[in-house]
Amino acid sequence: MQQNWSRHLRYTLAGLAGTTLAGLYLGYPAYGLTTGLGIYLLWTLYQTRRLALWLANPNATDEAPQSLGIWGDLFETLHKLNQNHLQTRDRLRARIDRIQESTNAMRDGVIMTDARGAMEWWNGSAEHLLGFRRSTDQGQYIYNLIRTPVFKSYFDAKDYREPLELNSPAKPHIHLQIQISLFGEDDRLILAKDVSRLHQLEQMRRDFVSNVSHEMRTPLTVISGYLETLVDNADDLPAKWRRAIKTMATQSFRMETLITDLILLSQIETAEQEENDTPTDVGRLIRQICEDARTLSGEDKHEIIFEAADPNLLKGNENQLRSAFSNLVFNAVKYTPARGRITVSWFTNREGGHLSVKDTGAGIDQVHIPRLTERFYRADPSRHKDTGGTGLGLAIVKHVLLNHDGRLEIRSSLGEGSEFICHFPAHLLVAVPAE
Ligand code: ADP
């Protein structure tokens with residue numbers, strides 16, 4: 001190009017020198033130079049016009065416009081650049097088509113939206129699972145199509161660590177698991193997976209446990225009642241029966257507690273979110289629980305302290321909250337040696353409300369902590385024999401917190417006591433009305 005440019009400059013200067021010399025020969029060198037410059041200007045304008053016309057639609061012909069000198073080179077170079085650009089475009093288009101074909105073949109719904117939720121693209125499964133229509137839904141906000149408020153708040157919250165489960169807006173019998181990932185500038189990639197079968201199995205498990213527990217409760221109450229009467233009249237019984245009857249009474253009491261916890265757990269699991277709207281005075285609730293805990297502690301004389309830094313009320317289901325808090329406080333009593341200290345505190349901050357139950361007990365090994373809220377999981381099965389627990393306490397706490405958009409944090413290490421903290425979101429806090 002550099003070489004061509006020097007040649008172009010030489011030819012142009014030679015041309016101008018020629019016209020000037022011709023002018024000099026005729027006695028008008030200035031006219032000669034002006035004529036040369038004029039011709040050069042007209043030629044340049046003509047080539048510029050050709051360039052502009054060609055650039056307006058460079059793909060109309062397969063070849064670049066032909067021209068002399070630097071203009072010919074310019075047309076040729078631009079033509080090559082255009083060809084490269086077309087090839088790259090075709091290659092990218094083929095790749096995008098392939099990605100779209102493969103995502104279309106997926107059984108999960110895939111949806112792309114911009115940061116505000118406007119729908120940009122979705123695959124065939126999204127149409128099937130969520131009822132989207134290509135003709136009308138392009139550019140619509142996704143939360144206007146999936147109209148559950150819980151989806152809108154999940155979408156806006158940008159905390160997508162846990163997936164969201166909901167019924168399809170178009171086909172309510174389809175249960176979907178929604179997972180969102182952020183990409184680009186806060187754009188969203190949404191995956192919708194059909195988990196109806198799993199959901200159904202989970203529902204069957206819950207119904208089974210709930211039905212069995214209810215069915216067992218009545219005969220067990222009858223058995224316990226008779227055993228209690230027998231224990232009360234133990235003196236009238238032959239000596240060899242006394243011990244057996246007492247053991248049977250203790251075991252049937254344990255079974256009753258277990259059944260009560262199982263029923264409670266399945267009720268909490270199926271409880272509707274709407275029930276969680278009554279403001280509960282956490283301070284009053286905890287004071288009652290601490291009184292019960294002192295009775296449970298009895299001769300062990302634990303020091304049970306309640307510190308309430310905030311009078312804020314907590315919107316929620318009071319019965320569920322009572323079950324959760326009492327499980328934590330009673331556990332602290334059960335797993336803390338006599339005369340140990342148990343501190344219960346309720347405080348609020350910008351993040352929300354927090355109830356902490358701290359003890360000076362034996363503590364829990366780190367390896368057990370992630371599994372403690374599983375049903376029937378015990379950190380130390382031998383220790384639990386004396387406590388008579390059902391193994392469902394922390395599972396109940398976890399589900400109550402799930403129902404209240406909260407979470408349970410467990411801090412503990414062996415020999416250093418434990419702290420269980422229930423975190424509740426700020427939107428559940430209600431200021432105490434002024435007197
Ligand atoms: P359990 O009825 O056995 O107490 P939970 O679900 O309430 O069942 O607790 C599960 C396990 O967690 C218990 O078996 C115990 O090993 C451990 N645990 C719970 N609370 C405490 C605590 N405050 N200190 C030490 N270990 C605890």
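Predicted model: local features only at pLDDT ≥ 70, side-chain atom pairs only at ≥ 80, totals over all residues.
I begin with helix α8, which covers residues 196-232, and helix α9, which covers residues 239-270. Their axes lie 8 Å apart, and the two helices pack at an angle of about 150 degrees. That angle is over the cut-off, and α8 and α9 are therefore roughly antiparallel to each other. In passing α9, helix α8 makes a left-handed crossing. The contact of α8 with α9 is made up of 13 nonpolar, nine polar and six charged residues.

The second pair is helix α10, residues 282-297, and helix α11, residues 318-334. How are α10 and α11 oriented to each other? They pack at an angle of about 40 degrees, with 9 Å between their axes. The two are therefore oblique to each other. Here the crossing of α10 past α11 is right-handed. On the α10 side, the residues that meet α11 include Leu-285, Ile-286, Ile-289 and Leu-296. On the α11 side, those that meet α10 include Leu-321, Phe-325, Val-329 and Phe-330. Sorted by class, the residues of the contact of α10 with α11 are 11 nonpolar, three polar and four charged.

Helix α11 also packs against helix α13, residues 393-403. The axes of α11 and α13 come within 9 Å and cross at roughly 140 degrees, and this crossing is left-handed. From α11, the residues in the contact with α13 include Leu-321, Ala-324, Leu-328 and Asn-331. Their partners in α13 include Gly-393, Leu-394, Val-397 and Val-400. The contact of α11 with α13 has seven nonpolar and six polar residues, and no charged ones.

Finally, I come to the ligand. Which of the 21 residues around the ligand come nearest? They are Asn-331, Tyr-335, Asp-359, Gly-391 and Leu-394.

A ligand oxygen atom is 2.7 Å from an N or O atom in the side chain of Tyr-335. For Gly-391, a polar backbone atom lies 2.8 Å from an oxygen atom of the ligand. Leu-394 likewise places a polar backbone atom 2.8 Å from a ligand oxygen atom.

Definitions and conventions. Residues numbered from 1 in each chain as written. Heavy atoms only, no water. Axes fitted to C-alpha atoms, helices over the stretch in contact; angles between N-to-C directions. Helix = DSSP H or I, 4+ residues; strand = E, 2+ residues; numbered from the N terminus. Parallel < 35°, antiparallel > 145°, perpendicular 65-115°, else oblique. Left-handed = near helix turned anticlockwise from the far one by under 90°. Contact = heavy atoms within 4.5 Å. Nonpolar A, V, L, I, M, F, W, Y, C, P; charged D, E, K, R; others polar. Near = heavy atom within 4 Å. Polar contact = N/O pair within 3.5 Å; in protein donor to acceptor, adjacent residues only side chain to side chain.
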